[in-house]
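Me: I have a model open on my screen and would like to learn how to read it, feature by feature. Could you take me through it slowly, with the general idea ahead of each case?

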Amino acid sequence: YGTSCAGPGGLPVISGNGVPTLGNAGYAVTLGNAEDNKLAGIVFGFTPAAFGSFNVDQWLTGPGCALQVDNMGIALHMTAANSATQPFVIPNFAGLKGAHVYCQWLVLGPQGAVTRVLDTNIGE
């Protein structure tokens, strides 16, 4: 959901590599169509942006870019081959069934970019 903003590579794309289920040790969240050799951060939150979005334009990206998740954590990567991958190991813990983790990539550069938000809903 949400909106993305383009960088030099066009609109960046966020996706999961399968179905986020309990006990899935191989699940990952990927970034595609990103400018190569740039610092990228994946932002995690447990809710969508409860108090509106956090504008990152003017100082990190181009105009109109915003983070749209409540920022509970961030992991940094360097893009290679116009992409990045964040492993997202899901333990086999029944208490996680039905949980939502919201993820969004931010790519930094002379003209940064932001993906849409991925709602990772953990199932059985």
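Me: How much of the chain counts as buried?
Reply: A residue is called buried when its relative accessible area is under 20%, exposed when over 50%, and partly exposed in between, using a 1.4 Å probe and protein chains only. By that rule, 40% of the 124 residues of the chain count as buried. Please keep in mind that this is a predicted model, in which local features need pLDDT of at least 70 and side-chain atom pairs count only at pLDDT 80 or more, while totals for chains, interfaces and linings use all residues. Residues are numbered from 1 along each chain as its sequence is written, and side-chain values use heavy atoms, with hydrogens and water left out.

Me: Which secondary structure elements does the chain have?
Reply: Helices (H or I, at least four residues) and strands (E, at least two) are DSSP runs numbered from the N terminus. Here there are ten strands and zero helices, so that the pattern along the sequence reads β-β-β-β-β-β-β-β-β-β.

Me: What share of the contacts joins residues at least 24 apart?
Reply: A contact means heavy atoms within 4.5 Å. Taking the contacts between residues at least 6 apart in sequence, 70% join residues at least 24 apart. Not counting residues up to four places away in sequence, A75 touches A40, G41, I42 and Q86, and at 19% relative accessibility A75 counts as buried.

Me: Which residues have the most contacts inside the largest nonpolar core?
Reply: A nonpolar core is a set of buried Ala, Val, Leu, Ile, Met, Phe, Trp, Tyr and Cys residues joined through side-chain atoms within 4.5 Å. The largest one has 20 residues, and V29, L31, I42, F88, C103 and W105 have the most contacts inside it. Strand 2 (28-32), strand 3 (39-45) and strand 8 (100-107) each supply at least two residues of this core, with the largest share, four residues, coming from strand 8. A second, separate core has nine residues, including C5, V43, L67 and V117.

Me: What is the volume of the largest cavity, and which residues line it?
Reply: Rolling a probe the size of a water molecule over the atoms shows where empty space is left. On a 1 Å grid over the protein atoms alone, a cavity is a set of points where a 1.4 Å probe fits but cannot get out, and lining residues have an atom within 4 Å of a point. Grid points are joined across faces, edges and corners, and a volume is the space filled by probe spheres set on the points. The structure holds one cavity of 30 Å³ or more, and the largest cavity has a volume of about 40 Å³. Its lining consists of G7, P8, G9, G10, N33, A34, E35, V107, Q111, G112 and A113. Among these, V107 is in strand 8 and counts as buried at 3% relative accessibility.

Definitions and conventions
On a 1 Å grid over the protein atoms alone, a cavity is a set of points where a 1.4 Å probe fits but cannot get out, and a pocket is an open set with protein on both sides within 12 Å along at least five of seven lines; lining residues have an atom within 4 Å of a point.
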